[in-house]
Amino acid sequence: MTRLDELLAYEVVEGLTEGQFTAEDYVTTILKRIEKVEPKVHSFITLDTDGALSSAKIIDKKLKEKEAIGQLAGVIVGIKDNISTQGIRTTCASKILENYVPTYDATVIKSLKESGAILLGKLNLDEFGMGSTTEYSRYQPTRNPWNLDCVPGGSSGGSGAAVAAGECTIALGSDTGGSIRCPSSFCSVIGLKPTYGRVSRYGLISYANSLEQIGPICRSVRDLVIMLNIISGKDTFDNTSMPSNPISIPKRLNKLNVGIIKELITGSDQEVTKSVYFASEKFKEIGCPCEEVSIKNLHYALPSYYTLASAEASSNLARYDNLRYGFDYSIGEYKWDTYFSNVRENFGEEVKRRILIGSYVLSSGYYGKYYLKARRLRSLLRLELLELFKKYDLLIGPTMPILPFKFGEKIDDPIKMYLVDINTVIANLAGIPAISLPIGFSNGLPIGLQLMAAPFGEQKLIDASYELEKIINIPRRPNSI
Amino acid sequence: MSMVMIGLEIHAQITALNSKLFCSCRGNYRDLRPNSNICEICCGLPGSLPIINQKAIEYSTMMSIALGCKVPDKIMFYRKNYFYPDLPKNFQITQYNVYGISSIGIEGKYELDEVKQIRISRIQLEEDPGRIAYSEGGMNVRNTALIDYNRAGVALIEIVTEPDFTGPKEVRHFLNKLSLTLEHLDVCDTLLEGSVRCDVNVSMNGGNKVEIKNINSFKEVEKAINYEITRQSNVYGRNLKIEHETRHWDDKKKITFKARSKEEEHDYRYFPEPDIPVIVLGSNFVANLKQRMPELPNERFERFRLKYQLSDHTSNILINDKKLADFFESTLKLHFSPVEIANILVTEFKSLIEDDTEGRDYLKNLKVKPEHIAELVKLIEGNKISRTTAKDILVKIFESGELPTEVVNSSNSFKITDEKTIMDAVHSVFDNEKSAVEDAKKNREAINFLLGKVMKFTNGRADAKIAMRLINSKLNE
Ligand SMILES: [Zn+2]
């Protein structure tokens, strides 16, 4: 039998329902696992052990009394620490929110609680989601469970690593320019950035509102489907959310036309490229023809993304002035002219950089030159992609152009760091769904395949992923820890 | 005479709303314990998102229609970024008319009177910030300020005019009409403290524009403009140049003073609010709203004149006091005698109110209700009491709240129609006013004097028609 701490979410629910173990057993096992691996991996910022144990007891009581339990009953979910949890500190891995305890639950948290999920704690990230390695966390960086010398990807690095390392059954991440998919690729787990509007953003601490979505990070496609259906839906608290059809596990795969994005292949490391060609062979095996396609406006994606994301961030992060909540800070004197800048010194370097860039591109005289142009390029790219989706069901390429790299390798050069996002930002700019699926390893380092579909085309992503998952055998548990 | 150009920027709270612009906290924040009317949205807690109040869109659309603005099919919101402690998010969600999709009202033309038209540049919907409370004596005395966010997020309508006013009188006229419109559309109770605010810009002789901020009631606007015109004239008189600047209105000292120069250099970094998608009003929205919209003051004026046959003068007095006009129409429902009722309301009734009240919602606490006035008029028309008696009764019921018939019964003030009793009074007057009688014989005008004496003799109870007839016949004897 599979070890308890290796169970998938749906197996946990099955096991509980059939009385093979109790929720408390399961939580205890995971806590032991955390005790063992967390000192090496550093996935968590905050652990709510007591909360998790008491939730487990409630579920056990329900089971004993033959009461109905939710679809995720007993499943242990880790939450990226930029999603608001009532009563549990939510820091965004920033000093500036070190002592911030939300008074309300994000809509996705409410949904998870209703489904019986056990919330175990808050997971590490790059400060406010800005970064691709978790090196910009104000806490320790998270380490890649497959190779502790390497970054886990980011910004949802804590989520990716925790799921890979078996510290939780599934996790929630958020994805503004690849923040779910990058760590999913680097940690060899499955991560989905939903269509913009499928999942409520209410309670997700905004970095760039027009780009980001909350999404699941899991170890199986089936888990991902369950989780996605629970968090999807129109939310009256989010004007940008929309109703959507539930996703199902496919009975059989219909033929899908697949386009391989040429530019993403040529721009990638050789090992990564090889894996994508391997994937295209697998697609053919499951009856889906692949051909290369080109995205003309692709070179606009990164500049457009960083302009828009920074602009929105500069405004979103303006509220952190420590007047109402924040962190312990004795400023000595509250001077009208210097107060705001003194307090806001406490942001990290990368956050400050983006606030500055964002303020610059929005300032009068530059709005048209940068911000407006970036918006136009964004719609251009979106239109081109929508046109491509008339011909192709899926567009694929590597999730990341490179393999997981060593700590410190790119942190000194922000431009180098930004460049690794080139493959992932496309989906955020276009508002389309994208999934990262483990596709193989090179020298023990994971490689992920990215699949993109038209808006609300998640079902096609799932259909293909489910089939590929069946025929591509990927080890789920890293041996290094 | 130098040429003056004045433009206005008016902020009116939509006090009619139950909730704030983007959350469900109470719209009426007044008289609440500080920071008790707040939630994660209006406090701008991380991760909260604005939910647009549909009613606010309707109210601001009605104002746009009333001020002759175009209401576009699509509107959107923008962020105005600036740091200020009363602004929970350090940006204000507002509207902006520079990049395409615009605010709720644009390109308005408002007829101030037959000859004067005021152009409305734009009407926009936005959120009010919180309030900063300084300790007595300001920051100089104690180095603290307190912030109350109860008001943060309350819906505001901003109305911006072109600089089409040529003097303070036009401005006053406009603001009066605007108040009436706000009241008639039930958008804003302008009497509530802080519910309307006004910024003014004044330029003279084509010179630089000076903006005056912080005028917290319409009453003060005229004073501020007068002050500013005098100030600018003096500067020109000394052959100096007027600087383009922002000044503040000090309503205690009644002067404008120069703001710290920094305040003028704001770059608000406007950009579209990503959390509120473009709102498509649709082509029927305005048409539907026009159907359900309350009557505008000028429409009501016309109705009063045509349907009720009231004079322009009487109609005007009623329209200029919406609550009185409402009172009038409530009374009509009980007894349809428009001219008689209106006359009582705009004369005796109104003067009684003005004697003992200062504006605010006076009709609510009044003891006299439409029932009283309807009954009073019935008594007059039924020839039960004289007009003079009616006046006395009105004074009494204002104090006691009794119904007119109760007063009449208890004080025996029914009209005297008995000819013999009146004849006795006439005799008595003729005996005492011999010279007046002689005058009246020559000059018919003097009869009114005798009539007055007869009325006085009967404590105003004599039927004036009978008395007049009797006086006439006695004069002809
Ligand atoms: Zn609120």
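Strand β3 (residues 78-81) of chain B pairs with strand β4 (residues 91-94) of chain B in the antiparallel sense, over four bridges. Helices (H or I, at least four residues) and strands (E, at least two) are DSSP runs, numbered from the N terminus, and two strands pair if DSSP finds at least two bridges between them. Within this pairing, Lys80(B) has Gln92(B) of β4(B) as its bridge partner. β3(B) is also joined by two bridges to strand β14 (residues 271-272) of chain B, and these strands run antiparallel. Here the bridge partner of Tyr78(B) is Pro272(B) in β14(B).

This is a predicted model, in which local features need pLDDT of at least 70 and side-chain atom pairs count only at pLDDT 80 or more, while totals for chains, interfaces and linings use all residues. Residues are numbered from 1 along each chain as its sequence is written, and chains are lettered from A and ligands numbered from 1 in the order in which they are written.

Chain B contains 15 helices and 15 strands. The C-alpha trace of chain B spans about 90 × 55 × 50 Å along its principal axes. The radius of gyration of chain B is 29 Å, whereas a compact globule of 477 residues would have a value near 23 Å; the radius is taken over C-alpha atoms, and the globule rule is 2.2 Å times the number of residues to the power 0.38. Of the 477 residues in chain B, 40% are buried. A residue is buried if 20 or more other C-beta atoms lie within 10 Å of its own, exposed if 12 or fewer, and partly exposed in between, with C-beta atoms placed from the backbone. Among contacts in chain B between residues at least 6 apart in sequence, 69% join residues at least 24 apart, a contact being two residues whose C-beta atoms, placed from the backbone, lie within 7 Å.

The domain assignment of chain B gives domain 1 (4-287), domain 2 (295-411) and domain 3 (419-475), with bounds that come from an automatic or database domain assignment. The C-alpha centres of domain 1 and domain 2 of chain B are 37 Å apart. Six residues of domain 1 of chain B and nine residues of domain 2 of chain B take part in the contact. On the side of domain 1 that touches domain 2, helix α2 (residues 168-184) of chain B supplies the largest share, four residues. By class, this side of domain 1 has three nonpolar, two polar and one charged residue. Ala, Val, Leu, Ile, Met, Phe, Trp, Tyr, Cys and Pro count as nonpolar, Asp, Glu, Lys and Arg as charged, and the others, Gly among them, as polar.

The contact between the chains takes 34 residues from chain A and 24 residues from chain B. On the side of chain A that touches chain B, the elements giving two or more residues are α10 (301-316) and α12 (349-362) of chain A. α10(A) gives the most to this side, with three residues. The side of chain A that touches chain B comprises 15 nonpolar, 13 polar and six charged residues.

Arg269(B), in the loop between β13 (255-258) and β14 of chain B, has a positive phi of about 45 degrees although it is not a glycine. Arg269(B) is buried, with 25 other C-beta atoms within 10 Å. Asn443(A), also not a glycine, has a positive phi of about 50 degrees and is placed in the loop between β10 (434-442) and β11 (445-452) of chain A. Asn443(A) counts as exposed because it has 7 C-beta neighbours inside 10 Å. The peptide bond from Gly154(A) to Ser155(A) is cis, with omega near 5 degrees; Ser155(A) is found in the loop between β3 (118-123) and α5 (157-164) of chain A.
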